[in-house]
Amino acid sequence: MLSFKPAGDVVGLCQINKLRIIFKVLQMGKILREKILAREKSAAYHAAERAMAQGAYPYFRSIESAQDTEVIINGQKVLMFGSNAYLGLTNHPKVKEAAIGAIAKYGSGCAGSRFLNGTLDIHMELEDRLAAYVGKDAALVFSTGFQVNLGVISSLTGRNDYIILDEYNHASIIDGSRLSFSRVIKYRHNDMQDLESKLSRLPAEAIKLIVVDGVFSMEGDIVKLPELVALSERYGASIMVDDAHALGVIGEQGAGTASHFGLTDQVDLIMGTFSKSLASLGGFIASDFDTIEYLKHHARSLIFSASMSPASVASTLAALDIIQSEPERRAQLWHNTNYAIELLTAAGLELGPTETPIIPVYVRDNDLTFQVTKILQDNGIFVNPVVAPAVPADSTLLRLSIMATHTFGQIEEAVTKIADAFKLLGINTRNTPYEESTAC
């Protein structure tokens with residue numbers, strides 16, 4: 001006698017089988033992604049190995065002088081086009097004198113965290129100055145910019161909340177989001193349509209924090225902040241802007257991205273670092289009083305790290321004085337930037353969509369990027385290579401950084417030697433239309 005299972009059981013078995021198939025597909029997808037990632041890491045490692053074997057390894061180069069437009073490497077003078085000191089203040093006499101004076105008064109370090117014995121009166125003075133500078137109620141300084149993003153992003157949201165990131169955000173933002181218990185969502189670079197599609201799917205009542213670079217550190221373009229603010233208001237999200245590469249460069253008196261667009265009140269948190277235009281080491285977050293008080297007691301990278309050294313604090317204060325009292329420095333930075341872009345474009349080099357003193361020049365090959373960097377250093381030009389996995393293998397580039405203290409003659413020499421090195425290696429060039437930046 002034949003027996004039959006009830007229809008319900010058959011449907012149930014079908015559903016279980018479908019779930020098993022889906023699970024297997026997901027497992028296979030995960031395994032494939034892991035293999036691809038492992039392959040990319042292996043390729044990047046072997047590319048570095050090859051560069052070492054060829055004498056073209058471009059990292060950890062030892063500089064024997066102060067950071068300036070010209071540095072000494074292996075006893076030879078080299079023009080520096082790889083520094084983030086956009087305003088050229090790292091070797092300024094007033095900045096160095098301030099650091100020396102702070103060591104004389106406070107010693108070399110604070111021997112503790114801000115939370116305990118590591119808060120000096122100059123830490124608090126700097127926080128007041130920074131809050132006023134970027135237009136917020138209060139600010140909080142950390143020992144590095146990386147520590148700011150780790151501590152702030154990881155402590156602001158919880159398990160049922162969302163952190164939304166531009167895919168090209170700095171690594172410190174990504175790592176800060178990983179330390180939170182929130183769900184992390186990425187959208188395509190500076191693509192407001194993709195951002196809206198992500199925001200529209202999130203629960204209206206959920207806490208949503210959009211974290212974004214003001215100026216993107218590899219591409220040199222600026223976040224589309226007006227559109228982002230409009231979306232944040234439509235979907236009930238808060239905004240944090242990382243102004244590491246914007247401070248001193250764009251905005252009123254160099255006050256950053258929100259100032260540049262006149263949207264300071266619409267941005268909830270403004271983050272910045274001192275290792276670039278401010279010629280020192282450290283970082284800060286600025287916001288309303290309540291948020292800063294909360295972070296003082298919850299940001300673990302603040303509570304469990306030694307505080308900024310006295311010399312770093314004092315040099316930052318001195319650099320801020322110079323930035324606010326010498327607007328001609330920022331004006332010269334923009335003259336230099338526009339001149340460099342004009343020359344690079346005229347030379348037929350393929351540039352990224354930059355709007356700032358960060359100028360990406362595409363090579364589009366890992367090994368050639370290492371080789372051209374070596375040729376340039378041998379010919380007295382320091383540039384930074386950017387290779388996989390930091391960027392896709394077909395998007396490798398040289399990252400040029402312009403400083404206010406570069407001369408037109410130094411820029412002309414660098415562009416001529418870059419164009420010659422590209423021709424020597426047979427790197428394709430492309431004529432692209434030049435448009436003067438209006439960001440200044």
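Predicted model: local features only at pLDDT ≥ 70, side-chain atom pairs only at ≥ 80, totals over all residues.
Me: What makes up the secondary structure of the chain?
Reply: The chain has 14 helices and 13 strands.

Me: How much of the chain is buried?
Reply: Of the 440 residues in the chain, 52% are buried. The chain exposes about 20,900 Å², and carbon and sulfur atoms supply 55% of that area.

Me: What share of the contacts joins residues at least 24 apart?
Reply: The share is 71%, counted among contacts between residues at least 6 apart in sequence.

Me: Why are H3 and H11 called roughly parallel?
Reply: The axes of helix H3 (residues 121–134) and helix H11 (residues 310–325) cross at roughly 30°. Angles under 35 degrees count as roughly parallel, so H3 and H11 are roughly parallel to each other. Their axes come within 10 Å, and the crossing is left-handed.

Me: Which residues of H3 and H11 meet?
Reply: From H3 the residues are Ile122, His123, Glu125, Leu126, Arg129, Leu130 and Tyr133. From H11 they are Pro310, Val313, Thr316, Leu317, Leu320, Asp321, Ile323 and Gln324. By class, this contact has 9 nonpolar, 3 polar and 3 charged residues.

Me: Which residues do H13 and H14 bring to their contact?
Reply: Leu368, Gln371, Val372, Ile375 and Leu376 in H13 meet Lys417, Ile418, Ala421, Phe422, Leu424 and Leu425 in H14. The contact has 9 nonpolar, 1 polar and 1 charged residues.

Me: What makes the phi of Asn190 worth a remark?
Reply: Most residues other than glycine have a negative phi. Asn190 is not a glycine, yet its phi is positive, at about 55°. Asn190 lies in the loop between strand E5 (183–187) and helix H6 (192–200).

Me: How do you know whether Asn190 is buried or exposed?
Reply: Buried means under 20% relative accessible area. Asn190 has 7%, so Asn190 is buried.

Me: What is said of His189 in the loop between E5 and H6?
Reply: His189 is found in that loop. Its relative accessibility is 18%, and the limit for buried is under 20%, so His189 counts as buried. Leaving aside neighbours within four places in sequence, His189 is in contact with Asp166, Glu167, Tyr168, Phe216, Glu219 and Asp221.

Me: Where is Ala279, and what is its phi?
Reply: Ala279 is in the loop between strand E8 (269–273) and strand E9 (283–287). Its phi is positive, at about 60°, although Ala279 is not a glycine.

Me: Why does Ala279 count as buried?
Reply: The relative accessibility of Ala279 is 12%. Buried means under 20%, so Ala279 counts as buried.

Me: Which kind of peptide bond joins Ala388 and Pro389, cis or trans?
Reply: The bond is cis, with omega about 5°. Most peptide bonds are trans. Pro389 is found in the loop between strand E12 (384–386) and strand E13 (397–401).

Note on methods: Residues numbered from 1 in each chain as written. Heavy atoms only, no water. Contact = heavy atoms within 4.5 Å. Helix = DSSP H or I, 4+ residues; strand = E, 2+ residues; numbered from the N terminus. Nonpolar A, V, L, I, M, F, W, Y, C, P; charged D, E, K, R; others polar. Buried < 20%, exposed > 50% of the residue type's maximum accessible area, 1.4 Å probe, protein only. Areas by Shrake-Rupley, 256 points an atom, 1.4 Å probe, with all protein chains shown as cover. Axes fitted to C-alpha atoms, helices over the stretch in contact; angles between N-to-C directions. Parallel < 35°, antiparallel > 145°, perpendicular 65-115°, else oblique. Left-handed = near helix turned anticlockwise from the far one by under 90°.
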